[in-house]
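Subject: Structure handover

Hello,

Here is the structure for you to look over. My notes follow below it.

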Amino acid sequence: MANSQHESELAVSVVITAYNEGTEVKSTIESVLANTRLPTEVIVVDDGSTDGCCHDLPGERTRVLRHAERIGVAASRNEATRAAQGDVFVYLDGHQRVSR
């Protein structure tokens, strides 16, 4: 590893992309926040959803990037990566869960 930081000091950014995922996004974030090591930040990219799936999300470390129109998963992840502050990135879809 080129970075001399110890693993516990690495900032972790979780990027979640979503398009009309209903309540799944909230459940995905809750699964992330239930782990023993919390991420530095959770970035949710609302890729033009019309179902309100990215409103009222849990976590003080959670922020949402919104698109008025759909741009796709790859472009959404790229945008979030540029906005993120982490050393390590975890990419999830809005309907995935993280287990402990």
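Predicted model: local features only at pLDDT ≥ 70, side-chain atom pairs only at ≥ 80, totals over all residues.

Two strands count as paired if DSSP finds at least two bridges between them. By that test, strand β1 (residues 12–18) pairs with strand β2 (residues 41–47). The pairing is parallel and runs over 6 bridges.

**Overall layout**

The protein has 2 helices and 4 strands. Along the sequence they follow the pattern β-α-β-β-α-β. The radius of gyration is 13 Å, close to the 13 Å that the globule rule gives for 100 residues, so the protein is as compact as a globular protein of that length. The C-alpha trace spans about 45 × 25 × 20 Å along its principal axes. Of contacts between residues at least 6 apart in sequence, 66% join residues at least 24 apart.

Buried residues make up 39% of the 100 residues.

**The sheet and its helices**

The 4 strands form an open sheet in the order β3-β2-β1-β4, with parallel pairing. From one strand to the next, the twist averages 20 degrees.

Helix α1 (residues 24–33) packs on this sheet and touches β1, β2, β3 and β4. The direction of α1 makes about 165 degrees with that of β2. Helix α2 (residues 73–83) also packs on the sheet, touching β1, β2, β3 and β4. For α2, the angle with the direction of β2 is about 145 degrees.

**Cores**

In soluble globular proteins, nonpolar side chains tend to be buried together. Here the largest nonpolar core has 13 residues. Val14, Ile16, Val25, Ile29, Val42 and Val44 touch the most other members. The elements giving two or more residues to this core are β1, α1 and β2. β1 supplies the largest share, with 4 residues.

A second, separate core holds 6 residues, including Ile43, Val45, Ala80 and Ala84.

Not counting residues up to four places away in sequence, Ile29 touches Ile16, Val42, Val44, Leu57, Pro58 and Thr62.

Val64 lies in strand β3. Is Val64 buried or partly exposed? Its relative accessible area is 27%, so Val64 counts as partly exposed; the buried class stops under 20%. Beyond neighbours within four places in sequence, Val64 is in contact with Val44, Asp46, Cys54 and Leu57. The C-alpha atoms of Val64 and Ser13 are 13 Å apart, while 51 residues separate the two along the chain.

Ser76 is in helix α2. Its relative accessibility is 1%, so Ser76 counts as buried. Leaving aside neighbours within four places in sequence, Ser76 is in contact with Thr17, Val45, Asp47, His67 and Ile71.

Regards

Key. Residues numbered from 1 in each chain as written. Heavy atoms only, no water. Axes fitted to C-alpha atoms, helices over the stretch in contact; angles between N-to-C directions. Contact = heavy atoms within 4.5 Å. Core = buried A, V, L, I, M, F, W, Y, C linked by side-chain atoms within 4.5 Å. Buried < 20%, exposed > 50% of the residue type's maximum accessible area, 1.4 Å probe, protein only. Rg over C-alpha atoms; globule rule 2.2 N^0.38 Å.
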